[in-house]
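Biologist: I'd like to learn how to read strands, cores and pockets in a model like this one. Could you take me through them?

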Amino acid sequence: MPDNPCFENFHFSPKKGLFYCVVYLNPGDYHRIHSPADWNILVRRHFSGRLYPLNERAIRTIRNLYIENERVILEGLWLEGFMALAAIGDTNIGSIELFIEPELHTNRPRKKFLHSEPPEERIYECEGLGRMLKKGDELGAFNMGSTVVLVFQAPISKLHEGDSFQEFRFCVGRGDRIRVGEALGRWHSS
């Protein structure tokens with residue numbers, strides 16, 4: 001869990017798991033990012049970085065690729081707990097636009113340091129509401145192909161009416177093309 005005062009009263013539940021989904025955007029794909037759920041964004045971090053390609057070959061051959069490249073990470077809470085969304089820049093692109101924060105500028109020239117720079121951080125009113133988004137709200141965009149990584153908490157065994165259990169399962173699989181509005185996953189009864 002992030003070391004941030006916005007999250008100090010938040011605790012992980014043993015009945016919830018941490019899930020992730022990596023969505024690679026080819027150059028010909030739709031390049032807008034939409035909110036995956038109703039959630040409250042509390043923190044934004046911008047990490048300057050490299051702009052390596054994000055294709056399958058690069059993922060296999062470049063160590064720590066997702067943490068080397070320029071990225072913007074949003075962290076917050078949704079109905080089931082923690083959620084983070086990372087928009088990761090790609091070769092010659094790196095231009096990540098956030099509609100909730102239009103003044104953020106990415107892909108700026110930077111000095112080459114031996115060690116990486118700390119991220120530029122913005123806390124969205126942790127005492128208040130933060131930045132509330134509804135499922136499907138337009139959140140940001142890339143100016144070409146790139147990648148979105150979504151990390152979130154969801155039930156792994158939730159007692160439901162009639163003593164049945166519910167758990168989260170993805171509706172999409174590796175290599176599936178995802179369309180705007182399509183569910184990434186659902187709760188299933190067992």
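Modeller: Let's begin with a strand pair: β1 and β10 are antiparallel partners, joined over 10 bridges. Two strands pair if DSSP finds at least two bridges between them, and strands (E, at least two residues) and helices (H or I, at least four) are DSSP runs numbered from the N terminus. Before going on, note that this is a predicted model, where local features need pLDDT of at least 70 and side-chain atom pairs count only at pLDDT 80 or more, while totals for chains, interfaces and linings use all residues. Residues are numbered from 1 along each chain as its sequence is written, and side-chain values use heavy atoms, with hydrogens and water left out.

Biologist: Which residue stands opposite Tyr20 in β10?

Modeller: That's Val151. β10 (146–155) also pairs with β5, again in the antiparallel sense, over 6 bridges. There, Ala86 has Val149 as its bridge partner.

Biologist: Is β10 mostly covered or mostly open?

Modeller: Mostly covered: 9 of its 10 residues are buried. Buried means under 20% relative accessible area, exposed means over 50%, and partly exposed is in between (1.4 Å probe, protein chains only).

Biologist: What is the strand order in the open sheet of 3 strands?

Modeller: The order is β2-β9-β6, with antiparallel pairing. β2 and β6 (96–98) are the edge strands, each pairing on one side only. From one strand to the next, the twist averages 20°; for such angles, axes are lines fitted to C-alpha atoms (for helices, over the stretch in contact), and values run from 0 to 180 degrees between N-to-C directions.

Biologist: How many bridges join β2 to β9?

Modeller: There are 3, and β6 pairs with β9 (residues 138–142) over 3 bridges too. Glu97, meanwhile, faces Ala141 in β9.

Biologist: How many of the 5 residues of β9 are buried?

Modeller: 4 of them are. Take Phe142, which lies in β9: Phe142 counts as buried because its relative accessible area is 4%.

Biologist: Now the core. Which residues touch the most other members of the largest nonpolar core?

Modeller: First the general idea: in soluble globular proteins, nonpolar side chains tend to be buried together. A nonpolar core is a set of buried Ala, Val, Leu, Ile, Met, Phe, Trp, Tyr and Cys residues joined through side-chain atoms within 4.5 Å. Here the largest has 25 residues, and Trp39, Ile41, Leu139 and Phe152 touch the most other members. Elements giving two or more residues to this core include β3 (39–47), β4 (71–78) and β9. β10 supplies the largest share, 4 residues.

Biologist: And how much space lies in the largest pocket?

Modeller: About 1,700 Å³. On a 1 Å grid over the protein atoms alone, a pocket is an open set of points with protein on both sides within 12 Å along at least five of seven lines, and lining residues have an atom within 4 Å of a point. Grid points are joined across faces, edges and corners, and the volume is the space filled by probe spheres set on the points. Of the 48 lining residues, Cys21, Val22, Val23, Ile178 and Leu184 are closest to the centre.

Biologist: Which element gives the most to that lining?

Modeller: β1 does, with 6 residues.

Conventions:
On a 1 Å grid over the protein atoms alone, a cavity is a set of points where a 1.4 Å probe fits but cannot get out, and a pocket is an open set with protein on both sides within 12 Å along at least five of seven lines; lining residues have an atom within 4 Å of a point.
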